[in-house]
Amino acid sequence: MEDILMKEAPAENGVEQKKPIRKMCFILSKAGLESVYACFIMANGARMEGIEAEIFFTFFGLDAVHKKRLEHLHIATVGNPGMHIPTLLGGLPGMESYASRMMRKQMEAMDLPTVHEFLDILSASGVQMYGCKLAADMFKITKDDLYEGIDSIITVGDFYQHAQGDGVHMIFV
Amino acid sequence: MEKIINGVTIKVNEEGYLTDFSQWNKSIAEEISKQEGVGELGPKHWEVLNFIQDQYKKSVPLTIRKIGASGVTDIKEFYALFPNGPLKKAAKIAGIPKPVGCI
């Protein structure tokens, strides 16, 4: 048991042999702008490093690829300590739209793409994207409702099949 | 650090990026391209490399999005031209510093 770590990273000439990351699998379960961008930036960053990347959109994460909703994603102003505003204020009418508008403006200033353009970039970069079957059934969403770069709607089991092999990492957002 | 490419001594950093762009020339680019596994550079490669160098001279940060909007190539083709980390490989071959952006 104590030897496992040593075996996995054999030292050669005193230099630790690093195993490359082959593939990053992301599960996006939320539609808040901060979650969606975190997931997209990391998937895109993986491709930029020559690492394969795949995103599985489930539950509210499906909104990020829902044709009618993806342009209208928000940032949560309630229950989000990072906003630094009191929960009661965050719940006032229009507050979430205002905060989301400000965030979109800031992202534009930083030359960050919109959600739709980002999806185009991911798709062109070879990121594989899938919808979750259970969530799609629950929300009565079909492939036609989703962004055209979505490969297909698959089950959790299918997703695990894609994650087989060495050097695969999975991240839940 | 120094590295000998085609019999010429070139200044590079630890990751192999040229530190003095004035030392760059096409035959050095061809050699780096082979070492990076990109192989022979065709006309399309050169169009992209010229665009990247042009952006560098204008101090525009290099991003995948900029490549997509370049009019020279699109993102899909860019990934096919410079496989396994296109932005970094293209920058190394073009003799410019490693791109520092996250997108």
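This is a predicted model: local features need pLDDT of at least 70, side-chain atom pairs count only at pLDDT 80 or more; totals for chains, interfaces and linings use all residues.

Biologist: In which loop does Lys140(A) lie, and is Lys140(A) buried or exposed?

Modeller: Lys140(A) lies in the loop between α6 (133-138) and β6 (152-154) of chain A, and its phi, near 55°, is a positive value in a residue other than glycine. Since a residue with 12 or fewer other C-beta atoms within 10 Å of its own counts as exposed, and Lys140(A) has 7 such atoms, the class of Lys140(A) is exposed.

Biologist: Where is Asn84(B) found, and how many other C-beta atoms lie within 10 Å?

Modeller: Asn84(B), which is not a glycine, has a positive phi of about 65°. It is found in the loop between α4 (75-81) and α5 of chain B. Asn84(B) is classed as partly exposed, and the number of other C-beta atoms within 10 Å is 14.

Biologist: What is the pattern of chain A, read along the sequence?

Modeller: The secondary structure of chain A comes to seven helices and seven strands, and its C-alpha atoms fill a box of roughly 60 × 40 × 30 Å along the principal axes. Among its contacts between residues at least 6 apart in sequence, 68% join residues at least 24 apart. Read along the sequence, the pattern is α-β-β-β-α-β-α-α-α-β-α-β-α-β.

Biologist: Which helix of chain A gives the most to the side that touches chain B?

Modeller: The contact takes 13 residues from chain A and 12 residues from chain B. On the side of chain A, α2 (33-48) and α5 (115-124) each supply at least two residues, and the residues of that side divide into six nonpolar, five polar and two charged. With four residues, the helix that gives the most to this side is α2(A).

Biologist: Which element gives the most to the largest nonpolar core?

Modeller: Of the 53 residues in that core, those that touch the most other members include Val36(A), Phe57(A) and Ala90(B). Leaving aside neighbours within four places in sequence, Val36(A) is in contact with Leu28(A), Ala31(A), Ala64(A), Leu73(A) and Val115(A). With seven residues, the element that gives the most to this core is α2(A).

Biologist: Why is α2(B) described as roughly perpendicular to α5(B)?

Modeller: The contact of these helices is made by Val48(B), Leu49(B), Ile52(B) and Gln53(B) of α2(B) and Ala90(B), Ala91(B), Ile93(B) and Ala94(B) of α5(B), residues that divide into seven nonpolar, one polar and no charged. Helix α2 (residues 43-57) of chain B and helix α5 (residues 86-94) of chain B pack with their axes 10 Å apart and at an angle of about 80°. Because angles of 65 to 115 degrees count as roughly perpendicular, the description of α2(B) relative to α5(B) is roughly perpendicular.

Biologist: In β2(B), what is the bridge partner of Glu2(B)?

Modeller: Strand β1 (residues 2-5) of chain B and strand β2 (residues 8-11) of chain B pair in the antiparallel sense over four bridges. These two strands form a hairpin with two residues between them, and Asn6(B) in the turn has a positive phi of about 50°. In β2(B), the bridge partner of Glu2(B) is Lys11(B).

Definitions and conventions:
Residues are numbered from 1 along each chain as its sequence is written. Chains are lettered from A and ligands numbered from 1 in the order in which they are written. Two residues are in contact if their C-beta atoms, placed from the backbone, lie within 7 Å. Ala, Val, Leu, Ile, Met, Phe, Trp, Tyr, Cys and Pro count as nonpolar, Asp, Glu, Lys and Arg as charged, and the others, Gly among them, as polar. Axes are lines fitted to C-alpha atoms, for helices over the stretch in contact, and angles run from 0 to 180 degrees between N-to-C directions. Angles under 35 degrees count as roughly parallel, over 145 as roughly antiparallel, 65 to 115 as roughly perpendicular and the rest as oblique. Two strands pair if DSSP finds at least two bridges between them. A nonpolar core is a set of buried Ala, Val, Leu, Ile, Met, Phe, Trp, Tyr and Cys residues joined through C-beta atoms within 7 Å. A residue is buried if 20 or more other C-beta atoms lie within 10 Å of its own, exposed if 12 or fewer, and partly exposed in between; C-beta atoms are placed from the backbone.
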